[in-house]
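Visitor: I would like to learn how to read a fold from its strands, helices and core. Could you take me through this one step by step?

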Amino acid sequence: MKCIHVVIGDPDGDGKLHLTDVLTAAGSARVPGVFRDHHSVLDGVTRLNPDLLFVEIAMPIVDGVAITRRLRDAGHRVRCVVIGSLLTPHDIEAAFHAGARGVLAWRNIPKDGLACAHVVARGGTWLGTSR
């Protein structure tokens with residue numbers, strides 16, 4: 001199985017360590033960058049050319065949905081998963097419309113984070129917002 005290269009956009013940083021641990025525990029994913037604002041996310045994706053971006057919907061100034069749209073419109077091939085604590089049906093629809101390949105609630109990261117990463121990296125989609 002190919003090692004997935006993942007970058008994370010999380011403004012608070014409180015979830016990034018947990019997400020990084022979940023993704024890297026099995027050795028099938030590597031996290032070369034964690035970024036706290038939209039500028040660094042966009043720059044990091046350009047520099048690192050990851051397979052996957054997990055991005056918090058509540059990024060400051062430019063939210064995770066808009067970041068996903070900007071990457072898609074710029075022609076980046078990174079696959080995006082929008083993550084959040086309180087994802088509404090509107091958030092989910094907006095994320096997929098912007099080009100996200102997955103939506104995942106923070107509470108589901110421990111059980112679904114790695115599976116989501118593999119499914120989305122292989123070109124599938126993921127909707128993991130249930131309790």
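Visitor: In what order do the strands of the open sheet stand?

Guide: Strands, like helices, are DSSP runs numbered from the N terminus (at least two residues of type E for a strand, at least four of type H or I for a helix), and two strands pair if DSSP finds at least two bridges between them. Here 6 strands form an open sheet with parallel pairing, in the order E2-E1-E3-E4-E5-E6. E2 and strand E6 (126-128) stand at the edges, each with a single partner strand, so one side of each has no neighbour in the sheet. This is a predicted model, in which local features need pLDDT of at least 70 and side-chain atom pairs count only at pLDDT 80 or more, while totals for chains, interfaces and linings use all residues. Residues are numbered from 1 along each chain as its sequence is written, and side-chain values use heavy atoms, with hydrogens and water left out.

Visitor: How many bridges join strand E1 to E3?

Guide: Strand E1 (residues 4-9) runs parallel to E3 and is joined to it by 4 bridges; Gly 9 in particular stands opposite Val 55 in E3.

Visitor: Which strands does H3 lie across?

Guide: Angles run from 0 to 180 degrees between N-to-C directions, with axes fitted as lines to C-alpha atoms, for helices over the stretch in contact, and contact means heavy atoms within 4.5 Å. H3 lies across E3 and E4, running at about 150 degrees to E3, and helix H5 (residues 109-121) lies across E1, E3, E4, strand E5 (102-105) and E6, at about 170 degrees to E5.

Visitor: Which residues of the largest nonpolar core touch the most other members?

Guide: In soluble globular proteins, nonpolar side chains tend to be buried together. A nonpolar core is a set of buried Ala, Val, Leu, Ile, Met, Phe, Trp, Tyr and Cys residues joined through side-chain atoms within 4.5 Å, where buried means under 20% relative accessible area, exposed over 50% and partly exposed in between (1.4 Å probe, protein chains only). The largest one has 23 residues, of which Val 41, Val 45, Leu 53, Ile 67 and Leu 71 touch the most other members. H3 supplies the largest share of this core, 4 residues.

Visitor: Why does Gly 33 count as buried?

Guide: Gly 33, which lies in strand E2 (residues 29-35), counts as buried because its relative accessibility is 5%. Beyond its neighbours within four places in sequence, Gly 33 is in contact with Val 6, Val 7, Ile 8 and Leu 48.
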